[in-house]
Amino acid sequence: MNKSQPQPRELLILLAGNPNSGKTSLYNWMAGARQHVGNYPGVTVEKKSAHFQHEGQRIELVDLPGVYSLLAASPEEVIARDEILAGDASVVIQVIDATNLERNLHLTAQLLEMGVPLVYALNMSDEAEANGLTFDLDLLADLLGGPVVPTNGITGAGVQDLLNVALERAADPTPAHGRVPYGYDIENAVRAVAQGFEGDDAVSARRRAIALLDGIPDPHAPPHAVSSAKRAMERLERRGGRPLDVQLAEARYGFALGVATEASRTPAHYVRRDRTMRLDSIFLHRIWGLPIFIGLMWIVFNLVFTLGDPPMRWIESSLFWLRTNIMTVWPDTVAPLFRSLLVDGVISGVGGVISFLPNILLLFLAIAFLEDSGYMARVAFLMDRVMHKMGLHGKSFIPMLIGLGCTVPAIMATRTLENKRDRLTTILVTPFVSCGARLTIYALLIPAFFAPRWRGWVLWGIYLTGILTAVGVARLLRGTLFRGDSAPFVMELPPFRWPTWRSVGIHMWDRAWMYLQKAGTIILAISILLWALGSFPKRTEFTRDYAAEIAATADPEIAEELANLEQAEALEYTAIGRIGKFLEPVIRPLGFDWRVGTALVGAFAAKEVFVAQLGIVFSLGAADESSDSLRETLQREYTPLQGLAMMLFCLLSAPCMATIVVTRRETNSWGWALGMLFGMTFIAWACTFLVYQAGLFILTGSI
Amino acid sequence: MHDRLYRPLSAVSAGSSVRLRDVCAGQKLEARLASLGFVPGATLDVCRNTCHGPLVVQVKGSRLMLGRGMADKMVVE
């Protein structure tokens, strides 16, 4: 904060703008791969920031949440407003979508009141100019009280310029000049209220006065300012015939329209975004819209499998190679415990999870593509009618779609739902939507039990089952616990844009890194723990003298059989064996044995652990060490019906720990979090029971 | 010239362009709608309005999806 020593100080630059203004793609150009994603303390709004150097100056760049206004009406708006007003920022850059000047300038009108240095990025101005729009940049800069830099979020053009201009602007701490004229009556009221803020300078007094008139609470405001604001509001609302904040918004839109018409020219024949309209007539088609969506999803799941399969096999065969080589080089007479830890615990556990990285990446690629292209919002539109049947509206479908990737951000995404009942219902049903971690389970089991041409269908069917269960449970909740109308809703349908490889790539890299980190930390730790539980206590006394019997027999098949029995007996004696045995009576009707039971316990920590634990339990239990792959073992040990039952149970059962924790945080109640845990486990048990027993009856004719 | 005709937005057929007169929702909702561009006097182009389900309306340069319940509460001319 010492202004006499500006040299080594890191400059804080905030990036503000409307949702869909191209803010995030510009941020990606500036921040590159150096970004860090965290949370704002106390709230679950993502905080994206990056530290880097430009022209020798250290910069911290923060991507504020996209907002339409700074009225502090949503957590995002509160964050954006607070960050701007915190006073640490040297300059605020507003990203303005050039093809949508008027709407974006409404936010500018409020930024101008904040009393901060402003720089404007006129994003996609080249695209707008190609469509016949023209801009008078000098006039625009003049009217908006700050430099305007044309940029392009797709090609990255103008980004270096923008940073140069921002640094220049940061050297001069005077706030942007320019003010919104609110008209005679309101201006009088603003002046009167501003007089109440005696200690403040003129800019800050005006801002706080307008905030009070906008209905934003100001706990530090002097009482006479508050009372004079209250009087002014009553008077002006009577005179204007509508709430004062609406009148203020009108004035800001008036300012925005004024600036837009002054500083840009629209050709008479200009039709905005006719490409978006054409695409909407296809994607939002009354009859074909929904089938197109379902078809797209089907293609996504097929791609995840077919494209992900070869790299998955490469990873698996290199792990197999590694495993066999370690076992040849490291004889089992030397430190056998550590050898087992490395081979059976770490490689079988963590390695098993890592081999599904290609599938996960493809899934996240598809989600990033749907999000960045603007299609996601169309899905909300398409699904509105379906969602109404379950008492929700289309907006609730977006968290569910995000839930395909990971349930945790999906539950955070429910914040966009204003109504508490809608939000709780959506939070409670979102975990039924199968997430990326559960995909690893299907990726292990489906190829083990189903012929290649059925695999895509089975996967698709599982996802559909998850979504249908979510629908059913939502209906149930809306009819019982959360009765009442769903809230009215508004949502922007952003223009269709071809996503850039860069932003999709960054998104995918983020996810890959998170997945690998998870594999390297949580899953590694749990794998070691589960390995230990599966190795101790060691059994010393067996029911039979296996060693003698094996030595006595001449038939190698009987010898192998005996060795496997011995291993199984040893495993049953260990801690994990006891836990599994304890659970067995409960899960036996579902077609699971105690080994699957232990994997299900592990899956509560993270769903991927199910795969890791099956790897560990079967590799510990295998008598000869270079035996079959896990899939072949599973194929031998279980029937396809049991495989299906496992997938069904994993799909519907208790979500992972992270989901429970985030539910607790978002609902602010352990009750809902635990209710979700037990409710889901019960539903999973009941459904799997029905499916398994019915399947058994059909296949064998008896129960 | 015929008289000004007031009706709810939900009754306007797709393809027509209307002017927003008033929104009859709670104060909080009205303010939020206003910040999205639904201010009195704004021109609304109705892009899509089937007999049920949400509407698509173009306002201040953006396409917005609007629940039917919401569109019932908007008076246009």
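**View 1. A:Arg385, a partly exposed residue.** With a relative accessibility of 44%, A:Arg385 counts as partly exposed; buried would be under 20% relative accessible area, exposed over 50%, and partly exposed is in between, using a 1.4 Å probe and protein chains only. This is a predicted model, where local features need pLDDT of at least 70 and side-chain atom pairs count only at pLDDT 80 or more, while totals for chains, interfaces and linings use all residues. Residues are numbered from 1 along each chain as its sequence is written, chains are lettered from A and ligands numbered from 1 in the order in which they are written, and side-chain values use heavy atoms, leaving out hydrogens and water. A:Arg385 sits in helix 15, residues 375-389 of chain A. (Helices are DSSP runs of H or I with at least four residues, strands are runs of E with at least two, and both are numbered from the N terminus.)

**View 2. A patch of positive charge on the surface.** A:Arg385 shows up again here, gathered with A:Arg286, A:Lys389 and A:Arg475. Patch members have over 30% relative accessible area and no salt bridge, and like charges are joined within 9 Å. A salt bridge, by the way, puts a side-chain nitrogen of Lys or Arg within 4 Å of a carboxyl oxygen of Asp or Glu. Lys and Arg count as positive, Asp and Glu as negative, and His and the chain ends are not counted.

**View 3. A:Leu11 and its surroundings.** Look for A:Leu11 in strand 1, which covers residues 11-17 of chain A. A:Leu11 is buried, as its relative accessible area is 10%. Beyond its neighbours within four places in sequence, A:Leu11 has contacts that include A:Gln57, A:Ile59, A:Ser90 and A:Leu167; contact means heavy atoms within 4.5 Å. A:Met390 is another story: from A:Leu11 it is 379 residues away in sequence and 49 Å away in space, C-alpha to C-alpha.

**View 4. Helix 18, largely enclosed.** Helix 18 of chain A (residues 420-429) has 10 residues, and eight of them are buried, so the rest of the structure largely encloses this helix. Among the buried ones are A:Asp422, A:Arg423, A:Leu424 and A:Val429. What do they pack against? Their partners are helix 16 (397-402), helix 17 (407-413), helix 20 (452-479), helix 30 (657-667) and helix 31 (670-700) of chain A.

**View 5. Stepping back to chain A.** Chain A has 31 helices and 10 strands. Its C-alpha atoms fill a box of roughly 105 × 60 × 55 Å along the principal axes. Of its 703 residues, 54% count as buried.

Definitions and conventions. Patches are made of residues with over 30% relative accessible area and no salt bridge: like charges are joined within 9 Å, nonpolar side chains (Val, Leu, Ile, Met, Phe, Trp, Tyr) within 5 Å. Accessible areas come from the Shrake-Rupley method with a 1.4 Å probe; for residues, only the protein chains shown count as cover. The place of a charge is taken as NZ of Lys, CZ of Arg, CG of Asp or CD of Glu.
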